[in-house]
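Hello,

Here is the structure for your files.

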Amino acid sequence: MVMGCSSSSSAGAALCGGVRTCCLYFPCSSSSPRMRLLRRSRRLFATAASSKMNEEKEKVIVISGPTGAGKSRLALELAKRLNGEIISADSVQVYRGLDVGSAKPSPNDRKVVPHHLIDILHPSEEYSVGQFFEDARQATRSILDDGRVPIVTGGTGLYLRWFMYGKPDVPKASQEVAAEVYSELADLQKNDDWDAAVQLVVKAGDPKAQFLAHNDWYRLRRSLEIIKSSGSPPSAFQVPYDSFRKQMNPTVIDCAHDINSSADMVEDIKVKELDYDFICFFLSSQRLDLYRSIDYRCEDMLAGGEGILSEASWLLDIGLLPNSNSATRAIGYRQAMEYLLMCREQGGGSSPREFYRFLAEFQKASRNFAKRQLTWFRNEGIYHWLDASKPLEQVLNFIHSAYHDKSGTVVVPEGLKMRKETSHREASELKAYRTRNRQFVRREDCSQILEWIRETQCETMSKV
């Protein structure tokens, strides 16, 4: 796939059916290093163009976006139109029983359109980006072999990056090594001595272990397994995406109107090296609108008898603690489990103030996650940003046409484009942003939830 360029680009941007080039200016002699770089760049572009003409790759659609942007609905409707199947790229939807907090597709939606990598694990199990790569690639191959269209959707950026660019060639630990590592860390984990465990792995040879998220025991064990298997830390192994980024040379000067076109050029070349023709979209809206939507969504997850609190209570009942593994670190579940633990310690009681404090923490964590997603994908040049506030039908028609387009070029219409950067006005408004709930406003609005806590969490404590 070739990244889209504006219609105002000069003739130099029209090499072989839309493969993007840019205007390069080097005020130096023909034998200088910069001129040699220019000639090398031209050869690369020619090679990329030739590669596209000689090879038609199978197409895979990727739809991402921040939490609450509406990407799941878009993917579902698109799959209906394209005879597609959906592959979830969500690190929480893989877990059975975590439905509300992960905004999992409904059973009816999953009957209408086949979904993959949903409900494949118990919450006590770990799931890694490497395992996602294997599972998602296998699902992609199966969908294509059945003559259908793979539509990968989710907001877990690292999952999507590895899915497209590949995973590091890190050695898999033998059963003996895995057992040895488990034995070394078991007592430390049982005693919740995270700092001592980190120092053990640091001394073994991975100084970056100290930067892992607190209580991320899976990655800590994996680091020690890699060290024992290879004698090197995880950082010693080349990551395909990182090696791609190193292809970008800062001495290439872009004279075109788009200041990001030099980055897009390198992205264009790299796309030819990928296993599939990935057509990637990032669905988002203005940050203020997105934040309001997220706040309302958090409220919705708490309303009713089978909300995220009920799911968090179940996680506690099966012996899991907040922030102890992948499932319990998930935003929403961690905050809900911590809140319910406090309620259990109080004999099943909670005040409205305590509930509203929990709700505010849940909403803030969700907004911060969306902000991190925007930052992550802003630097992923392969995505075309789409405005989630536009009518769904327009967005669907555009992606449908882009999929069937034979030119290899995707150009987003001005009316559907989403600006990546925050304007000064929007930044000022964001600083003044305050949550305004729709459902939980007054003290009495949470009375049903507090009653549910009294009935269920007090009973749970008595069983313990």
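Helix α7 (residues 194-204) packs against helix α8 (residues 217-230) at an angle of about 20 degrees, with the axes 10 Å apart. Helices here are DSSP runs of H or I with at least four residues, numbered from the N terminus. Axes are lines fitted to C-alpha atoms over the stretch in contact, and angles run from 0 to 180 degrees between N-to-C directions. The crossing of α7 past α8 is left-handed, meaning that the near helix is turned anticlockwise from the far one by less than a right angle; clockwise is right-handed.

From α7, the contact takes in W194, A197, V198, L200, V201 and A204; from α8, W217, L220, S223, L224 and I227. Contact means heavy atoms within 4.5 Å. By class, this contact has 10 nonpolar, one polar and no charged residues. Ala, Val, Leu, Ile, Met, Phe, Trp, Tyr, Cys and Pro count as nonpolar, Asp, Glu, Lys and Arg as charged, and the others, Gly among them, as polar.

This is a predicted model: local features need pLDDT of at least 70, side-chain atom pairs count only at pLDDT 80 or more, and totals for chains, interfaces and linings use all residues. Residues are numbered from 1 along each chain as its sequence is written, and side-chain values use heavy atoms, without hydrogens or water.

Helix α6 (residues 175-190) also meets α8: their axes come within 9 Å and cross at roughly 140 degrees. That makes α6 oblique to α8. The crossing is right-handed. Among the contact residues are V181, E184 and L188 of α6, and R221, L224 and K228 of α8.

Next, helix α12 (residues 308-317) and helix α14 (residues 333-345). Their axes come within 9 Å and cross at roughly 70 degrees, so α12 and α14 are roughly perpendicular to each other. This contact has 11 nonpolar, one polar and three charged residues.

A cavity is a set of points, on a 1 Å grid over the protein atoms alone, where a 1.4 Å probe fits but cannot get out; lining residues have an atom within 4 Å of a point. The largest cavity holds about 80 Å³. It has 13 lining residues, with R287, M418, R419, K420 and T422 the closest to its centre. The lining has three nonpolar, four polar and six charged residues.

Best wishes

Technical notes: 1 Å grid on protein atoms, 1.4 Å probe; cavity = no way out; pocket = protein on both sides within 12 Å on 5 of 7 lines; lining within 4 Å. Points joined across faces, edges and corners; volume = space filled by probe spheres on them. Helix = DSSP H or I, 4+ residues; strand = E, 2+ residues; numbered from the N terminus. Parallel < 35°, antiparallel > 145°, perpendicular 65-115°, else oblique.
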